[in-house]
Each structure stands twice: as structure tokens, then as C-alpha cells.
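User: Please take a close look at the aromatic cluster in this model and at the nonpolar core around it, with the cut-offs behind each term.

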Amino acid sequence: MSRAAVLCGLGSWLPPTVVTNQDLEAELDTTDAWIRSRTGISRRHVADRDTATSDLAVEAGARALKSAGSDAVDAVVVATTTPDHSCPATAPSVAARLGLGTVAAFDVAAVCTGFLYGLATAAGLISAHTAERVLVIGADKFSGILDPHDRSTRAIFGDGAGAAVLRAGDAAEAGALGPLVLGSDGTGSDLISVRSGGSREPWYAPTAPGSTAVPSPRGPDPYFRMTGKAVFRNAVERMVESSRTAAGRAGWDVEDIDLFVAHQANLRIMHAVADRLPVPRSRCHVHLDRAGNTAAASLPLALDDAAVSGRLGAGDRVLLTAFGGGLTWGACALRWPALGTV
């Protein structure tokens with residue numbers, strides 16, 4: 001028996017408030033036609049002021065545990081760019097609120113690739129016999145870090161959470177995570193960023209003797225920023241490369257893929273990746289039209305949507321890929337298991 005991490009539960013959560021393109025028309029210099037043509041998005045879900053990332057994560061995590069038919073795991077991994085606090089991590093709070101006791105719990109920060117990095121981390125814990133079951137959650141409240149006057153980011157991003165339960169199993173069974181491919185390139189770190197608030201560029205210069213940190217002469221900027229054209233080019237190149245590698249290591253030809261689930265960043269990016277692989281666009285699952293780009297929550301939300309809508313059946317060959325800030329990217333191949341419904 002070759003020990004592997006096996007997907008056995010899936011759940012998701014979107015906050016109830018919906019912001020349509022028409023709603024944004026009333027606030028910004030934009031139109032429904034402009035947003036649809038450039039992103040493929042028609043609406044997104046936005047959490048209210050009193051809802052934190054942990055609240056989204058708890059909702060999705062509870063549903064994943066129910067799908068798995070289990071109320072216990074050995075570790076919780078939360079992938080997020082929008083933690084409740086810079087310290088402590090969000091995962092311990094989520095684990096406690098889910099009633100999981102004193103299990104290991106920590107955050108993973110890889111922006112929109114975070115869920116794949118979380119899956120890889122969970123697979124490592126299981127392979128090392130450190131854990132038998134792991135709850136992996138991708139959760140983000142991006143609405144809290146968007147410039148209210150920036151139409152390019154406000155049109156794209158939404159809030160939400162998706163979660164998966166992994167258990168120890170055999171590499172040959174359905175649901176076993178196949179080859180996981182991960183990568184990064186820190187030379188592009190400025191392409192996707194929140195500039196201010198960290199140790200490199202604090203809000204204010206520390207007063208401790210000998211401190212060399214100074215605030216930016218441009219002034220603090222708490223908002224998420226993205227260089228669109230460069231991100232588009234890098235995202236397509238890296239997702240194509242990692243997808244081909246993951247499929248090849250799984251022994252699959254491109255035509256073997258039953259469903260291609262890419263990070264729901266932008267419909268044009270998704271189609272460009274599919275066309276270059278090539279995978280028929282009809283085999284690409286699209287969820288961003290109804291939820292926007294939900295960052296680390298994007299992949300599990302899209303997977304849950306595909307499963308609930310009947311696009312995924314037991315035994316289907318599924319290829320996942322994502323790209324995010326860092327720059328980070330990754331891909332994963334797996335055969336879809338029979339999962340419990342919520």
C-alpha cells in the first residue's frame with residue numbers, strides 16, 4: 001500500500017450579500033458590458049463589515065466535515081491573504097470554533113495559489129504519519145483590502161470560503177491527490193501586493209533604538225494592487241506549464257482530462273490556459289461569473305459547485321491549477337471520488 005492523502009469531504013460558503021455589475025455602475029466609472037467583456041464576471045458575494053475571514057472559513061469547514069461524515073481531524077490548514085489579524089494566525093480560532101479541540105492549526109499564505117499549497121501541506125502531514133485527517137480551508141475577504149475607487153479590482157474580487165477534508169488512504173484509490181506541482185518567483189512580488197503594513201513598509205517608523213524601518217515617502221497604501229497585463233502573461237504561462245507537468249506525471253494525455261478547474265481569476269485567462277494546453281473550453285468549469293475571483297477560496301468553491309451541479313462524477317480525471325501573488329503557482333491531478341452531499 002502506498003500511503004496518500006485522499007479527498008473525502010468538500011464544502012463551501014458564500015456570504016449572502018450579492019453585488020452585481022449594475023450595482024458597481026452606480027458607484028464607479030464602469031459598465032456591465034465593460035466588466036463582462038474583460039472578466040466574464042456578472043456578480044460577486046461580499047461579506048458585511050462584521051464578518052471576518054474566520055467566519056467564512058468556519059461555515060465552509062463545517063460543511064466539508066459533514067460531507068466527510070466526520071467531526072474530527074488531526075490538523076487544520078487555512079489558506080488566506082486576509083487573516084483576521086496579522087497575529088495570531090486564523091486557523092487556531094477556526095479549529096476551536098469547529099469544536100476540533102487542540103489539534104495542530106496554522107495558516108498558509110500563497111494568495112490565490114493558497115488552496116493548492118494547503119493541499120500539498122496536508123498531503124505531507126499525512127504522508128509523514130503526522131496526521132490521519134486534515135481539514136484544508138481556502139478563505140478570503142478581499143472586499144476588506146480593495147480600494148473603493150479602483151474599478152479594476154472591485155469588479156473582479158469577491159468574498160467566500162471553500163474547504164476539503166483529506167484522509168490517509170491508498171494512492172491507487174479515487175480521490176487520492178495525484179502529482180502536486182508547486183512553484184514561485186519572488187522577482188515578480190511587486191506585481192500582486194498589499195504594499196503597506198508589514199515589516200518592510202510599516203505604517204509608521206518604529207521608534208526602537210537601531211531600527212532601520214522607515215515609512216514609504218509615498219505614504220501608506222493599505223490596498224491590494226495588481227499589474228494587470230504582466231499578471232495575465234505570467235498567469236497563463238505558469239498555469240499551462242504546471243498543468244502539463246502534473247498531467248504528465250499522472251500519466252495522462254490532455255484529452256484524458258474530464259474536467260479542468262483553473263483558479264477563477266478572469267475568464268480570458270482561463271480560456272487562454274485551456275486553449276494552450278489544449279483542453280476544450282467545454283471541459284473548463286466556470287464559477288467566477290457568479291462569485292468573482294475569491295482568491296484562496298476560488299478552487300474549492302469551483303470544485304464544490306461542479307460537484308453539486310453534476311459536472312463531476314466518481315472516477316473523472318480532474319486537473320486543478322492556480323496562480324497568485326508571490327508569485328506562486330501550482331497544479332494537481334486526481335480522480336474524483338464519490339463524496340457525501342451537504
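Analyst: Phe157 is buried, and Phe224 is buried as well, where buried means under 20% relative accessible area, exposed over 50% and partly exposed in between, with a 1.4 Å probe and protein chains only. The model is a predicted one, in which local features need pLDDT of at least 70 and side-chain atom pairs count only at pLDDT 80 or more, while totals for chains, interfaces and linings use all residues. Residues are numbered from 1 along each chain as its sequence is written, and side-chain values use heavy atoms, with hydrogens and water left out.

Phe142 and Phe224 are likewise both buried, and their rings make an edge-to-face pair with 5.0 Å from centre to centre and 65° between the planes. Rings of Phe, Tyr and Trp (its six-membered ring) are paired if their centres lie within 6.5 Å, and planes under 30 degrees apart count as stacked, over 60 as edge-to-face and the rest as tilted. This pair joins distant parts of the chain, since Phe142 sits in the loop between strand S6 (133–141) and H6 while Phe224 belongs to strand S10, 82 residues apart; helices (H or I, at least four residues) and strands (E, at least two) are DSSP runs, numbered from the N terminus.

The rings of Phe157 and Phe224 have centres 5.0 Å apart and planes at 70°, so this pair too is edge-to-face. Here Phe157 lies in the loop between H6 and strand S7 (159–170), and Phe224 in strand S10 is 67 residues away. Phe142, Phe157 and Phe224 together form one aromatic cluster.

Turning to the core, the largest nonpolar core holds 41 residues, and Phe142 and Phe224 are among those with the most contacts inside it, a group that also includes Ile192, Phe260, Ile269, Val273 and Phe323. A nonpolar core is a set of buried Ala, Val, Leu, Ile, Met, Phe, Trp, Tyr and Cys residues joined through side-chain atoms within 4.5 Å. At least two residues of this core come from each of H7, strand S11 (259–262), H8, S12 and strand S13 (328–335), and H7 gives the most, with eight residues. Leaving aside neighbours within four places in sequence, Ile269 is in contact (heavy atoms within 4.5 Å) with Phe232, Ala235, Val236 and Met239. Apart from this core lies another, of 33 residues, among them Ala131, Leu259, Ala302 and Leu303.
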